[in-house]
Amino acid sequence: MSWTENLFKLQDHGTTVRTEVIAGVTTFLTMAYIIFVNPAILGDAGMPKSSVFVATCLIAALGTAVMALYANYPIALAPGMGLNAYFAYTVVLGMGFPWQAALGAVFISGCLFMAVTIFGLRGLIIRGIPQSLRNAITVGIGLFLALIALKSAGIVAASKATYITLGDLHSPPVVLASLGFLLIVALDKFRVPGAILIGIIAVTIASFFFGGNQFHGIFDMPPSIEPTFLKLDIKSAISHGFLNVVLVFFLVELFDATGTLMGVAKRAGLLVPGRMERLNKSLFADSVAIFAGSLLGTSSTTAYVESAAGVQAGGRTGLTALTVSVLFLAALFIAPLAGAVPAYATAPALFFVACLMLRELTELDWDDSTEVVPAAITALMMPFTYSIANGLAFGFISYAGIKLLTGRGREAHWMVWIIAAIFLFKFIYVGGD
């Protein structure tokens with residue numbers, strides 16, 4: 001038997017090496033946009049973009065390889081959208097954390113994440129959080145990403161009278177970003193693999209002709225990771241408001257990663273008796289990735305829902321993930337291209353992802369105001385306070401308060417009361433972000 005058969009049990013899963021490799025390439029193409037988007041977002045927080053680029057590729061390769069070889073799941077890992085926005089725009093720019101301290105907070109949340117996974121507490125916490133608030137977290141992050149994308153593209157601008165208004169629609173960034181977004185949507189509708197990546201590259205190419213961008217080549221040796229490697233500052237993370245930041249990182253990581261892992265595994269037919277052990281291994285794999293990512297110099301790593309594209313293409317084992325891992329390592333040599341991508345080229349990708357995240361609204365029970373109102377508050381407060389943390393805080397506090405005042409307090413799990421109390425204590429004695 002070949003090493004692939006021994007390691008990944010291809011025959012048991014009714015698949016072949018060819019199918020798994022094609023599935024891996026498909027998954028990589030659908031999520032490769034993170035190579036360009038993550039350095040752009042964390043760069044806004046003052047982090048060296050070239051080093052973040054290397055860290056992004058390395059942690060995606062490392063985390064996905066662990067998922068492949070340890071859990072044998074066709075699921076890829078990379079720095080999470082939403083989590084990187086919270087890191088940059090709320091923790092660093094909003095709350096005044098140095099980015100080194102923010103990495104320290106990611107490290108602590110990763111340790112906590114790993115602990116609850118090892119001791120089996122992850123399922124208990126998830127079951128304790130209302131489904132409506134879980135859905136709202138996704139929607140709220142989507143709205144938050146949409147605002148960031150529109151701002152990066154220049155479609156919205158600041159206004160003294162109304163706080164936010166329409167930008168200059170005649171500017172090249174607005175025109176190119178708008179065309180890029182339409183291209184992504186059209187390609188996605190026709191199920192073209194890598195639609196988001198194609199959109200980013202198309203706008204970047206156009207920016208050289210119409211946006212005054214400068215071309216510095218495509219291939220080169222990888223930049224140094226030294227400016228971000230092991231630069232996390234745990235002591236500063238603890239002194240800068242540890243509780244609020246780490247709690248948000250932990251909760252978003254918890255729901256995002258677990259939901260994605262279970263959703264993709266279910267679609268692949270892997271959530272069946274006798275194979276649940278692999279799910280537990282996959283949960284541990286993404287915990288390790290968060291921990292390692294903070295050491296390399298990037299925001300929280302999580303399982304990617306784009307892995308479903310590879311599953312749709314036939315991927316059933318870790319060989320799919322291993323293929324993705326190898327491709328991320330190869331991507332290390334396109335640093336000049338990654339550095340030439342302007343913010344308005346990644347804005348269409350952010351806005352498209354944001355639009356897809358709003359689908360969770362359909363899962364809400366709109367006939368129960370005690371569920372839907374706290375969910376709406378959670379989602380709306382994230383973009384309107386420019387803070388994912390504030391959205392979570394108002395959501396949990398309002399959920400507990402509304403349930404209590406309507407005589408339905410017993411419906412709220414004890415975990416809700418604990419989280420609501422923590423956030424309420426933070427607002428009363430510490431203040432907002």
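This is a predicted model: local features need pLDDT of at least 70, side-chain atom pairs count only at pLDDT 80 or more; totals for chains, interfaces and linings use all residues.
View 1. Residues are numbered from 1 along each chain as its sequence is written, and side-chain values use heavy atoms, with hydrogens and water left out. Along its principal axes the C-alpha trace spans about 60 × 60 × 45 Å. Of the 433 residues, 56% count as buried, a word that stands for under 20% relative accessible area, with exposed meaning over 50% and partly exposed in between (1.4 Å probe, protein chains only).

**View 2. The nonpolar surface patch and helix α20.** Ile-118, Phe-119, Leu-121, Leu-124, Leu-404, Trp-414, Trp-417 and Ile-418 make a nonpolar surface patch of about 810 Å². Patches consist of residues with over 30% relative accessible area and no salt bridge, like charges being joined within 9 Å and nonpolar side chains (Val, Leu, Ile, Met, Phe, Trp, Tyr) within 5 Å; the accessible areas come from the Shrake-Rupley method with a 1.4 Å probe, and for residues only the protein chains shown count as cover. Helix α20 (residues 414-429) gives the most to this patch, with three residues. Ile-418 lies in helix α20 and is partly exposed, with a relative accessible area of 39%.

**View 3. The salt bridge of Lys-231 and Glu-226.** A salt bridge is a side-chain nitrogen of Lys or Arg within 4 Å of a carboxyl oxygen of Asp or Glu, and by this rule the count comes to five. In one of them the side chains of Lys-231 and Glu-226 meet at 3.1 Å, N to O. Lys-231 is partly exposed, with a relative accessible area of 29%, and Glu-226 also counts as partly exposed, at 49% relative accessibility.

**View 4. The salt-bridge network that includes Lys-403 and Arg-408.** Lys-403 forms a salt bridge with Glu-371, their closest N and O atoms being 3.0 Å apart. This pair links distant parts of the chain, with Lys-403 in helix α19 (residues 388-405) and Glu-371 in helix α18 (residues 369-384), 32 residues apart. Both Lys-403 and Glu-371 are buried. The side chains of Glu-411 and Arg-408 meet in a salt bridge of 2.8 Å, N to O. Salt bridges that share partners join Asp-368, Glu-371, Lys-403, Arg-408 and Glu-411 into one network.

Terms used. Helices (H or I, at least four residues) and strands (E, at least two) are DSSP runs, numbered from the N terminus.
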